[in-house]
Amino acid sequence: MEYLIDTHCHLHDPEWFTLEQQQDFLAQAVDTGVKEMICIGTNPEDSKVAREFAMAHKEVYWTYGIHPEFAGKFAPDKQIKNTEKLVAIGEIGLDYHYDGYDRTAQIRLLEQMLQLAIELDLPVSLHIREAFTDSFAVLDNFPSIRAVVHSFTGSKKCLKTALGRGFYIGVNGLATYTTTPLPPLENIVLETDAPFLTPVPFRGTMNQPKYVRLVAEYLAGEMGVAEETIVEQTTKNARELFHLRAAGA
């Protein structure tokens with residue numbers, strides 16, 4: 001069977017994972033066929049930690065990102081010194097869920113990060129929460145952007161708009177316990193967002209990269225196709241979006 005890729009996790013983050021858990025969960029993931037993982041940066045310092053974790057583990061890649069919650073607190077580094085194993089800019093976007101977030105600062109930061117992605121010729125991992133209208137308006141000014149909408153929570157209309165732009169959709173454990181609309185298989189990449197959004201039947205426990213297989217199993221049942229088909233297509237999608245090598249190559 002084709003191997004799996006967890007395209008969005010935070011396994012590098014010591015706030016959530018002890019060193020022992022990092023090594024244990026990484027080994028468990030590989031043993032269950034999750035051969036590659038992308039550790040997602042959420043601010044400059046966190047991105048540095050993700051990079052160091054990726055450099056220490058052959059199965060791991062990293063991204064450089066500034067999450068919208070940090071808008072106004074950090075400025076993007078326009079001269080990233082080490083781009084080895086850097087596969088995307090993210091997670092970036094707009095989050096209007098909390099009143100305390102500065103929407104103007106978020107939009108400005110998103111524009112800066114999208115420009116950085118263009119300059120580095122990298123795709124982006126988009127975090128969009130209750131802000132699809134403004135996000136799409138910003139993205140209108142960056143028509144060449146390649147993207148995945150991480151942990152999609154929008155409406156069918158928003159999904160149609162994202163698909164119309166050629167974006168991929170990150171599907172994780174959230175799909176196993178909500179009614180979020182599912183995109184066509186050709187537009188899906190699998191993710192965990194570990195340690196968050198643990199899929200059924202392990203809700204209430206810490207999420208980890210090996211559980212990406214549970215998402216694949218769920219999608220196989222929902223879409224009425226073989227699990228192998230889900231795995232092969234989503235891995236193909238991830239390799240194409242992030243320009244990943246084939247495992248073992």
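D140 is partly exposed, with a relative accessible area of 48% (buried means under 20% relative accessible area, exposed over 50%, and partly exposed in between, for a 1.4 Å probe and protein chains only). The model is predicted, so local features need pLDDT of at least 70 and side-chain atom pairs count only at pLDDT 80 or more, whereas totals for chains, interfaces and linings use all residues. Residues are numbered from 1 along each chain as its sequence is written, and side-chain values use heavy atoms, with hydrogens and water left out.

D140 is one partner in a salt bridge with R165, in which the closest N and O atoms are 2.6 Å apart (a salt bridge is a side-chain nitrogen of Lys or Arg within 4 Å of a carboxyl oxygen of Asp or Glu). D140 belongs to the loop between α4 (132-139) and β6 (147-150), and R165 to the loop between α5 (156-164) and β7 (168-171), so the pair ties together parts that are 25 residues apart in sequence. Helices (H or I, at least four residues) and strands (E, at least two) are DSSP runs, numbered from the N terminus.

In total, the structure holds four salt bridges. Another of them joins the side chains of E227 and R213, at 2.9 Å from N to O. Here E227 lies in helix α7 (residues 227-242) and R213 in helix α6 (residues 212-223), so parts that are 14 residues apart in sequence are tied together. E227 counts as partly exposed at 23% relative accessibility, while R213 counts as buried at 19%. Helix α7 also contains both K236 and E240, which are four residues apart, about one turn of the helix. These two residues form a salt bridge with the closest N and O atoms 2.8 Å apart. K236 has a relative accessible area of 39% and is partly exposed; E240, at 40%, is partly exposed.

Aromatic contacts were examined next. A pair of aromatic rings is described by the distance of the centres and the angle of the planes. Seven aromatic pairs are present in the structure (rings of Phe, Tyr and Trp, the last by its six-membered ring, pair if their centres lie within 6.5 Å; planes under 30 degrees apart count as stacked, over 60 as edge-to-face and the rest as tilted). The ring centres of F202 and Y211 are 4.9 Å apart and the planes are at 5°, so this pair is stacked. F202 is partly exposed, at 34% relative accessibility, whereas Y211 is buried, with a relative accessible area of 10%. Elsewhere, ring pairs link F132, F136 and F152 into a cluster.

Charged side chains also lie over aromatic faces (NZ of Lys or CZ of Arg within 6 Å of the ring centre and within 35 degrees of the ring normal). R203 is placed over the face of Y177, 3.7 Å from the ring centre. K85 is placed over the face of Y61, 5.6 Å from the ring centre.

Grid points are joined across faces, edges and corners, and a volume is the space filled by probe spheres set on the points. The largest pocket holds about 650 Å³ of space. Its lining comprises 25 residues, of which H67, E69, E91, H127 and F196 are the closest to the centre. Eight residues of this lining are nonpolar, eight polar and nine charged (Ala, Val, Leu, Ile, Met, Phe, Trp, Tyr, Cys and Pro count as nonpolar, Asp, Glu, Lys and Arg as charged, and the others, Gly among them, as polar). Strands β4 (86-95) and β5 (124-129) each supply at least two lining residues, and β5 gives the most, with three.

One cavity of 30 Å³ or more is found in the whole structure. The volume of the largest cavity is about 90 Å³. Of its 13 lining residues, F152, G170, V171, A175 and T180 are the closest to the centre. The lining of this cavity has eight nonpolar, five polar and no charged residues.

Key
On a 1 Å grid over the protein atoms alone, a cavity is a set of points where a 1.4 Å probe fits but cannot get out, and a pocket is an open set with protein on both sides within 12 Å along at least five of seven lines; lining residues have an atom within 4 Å of a point.
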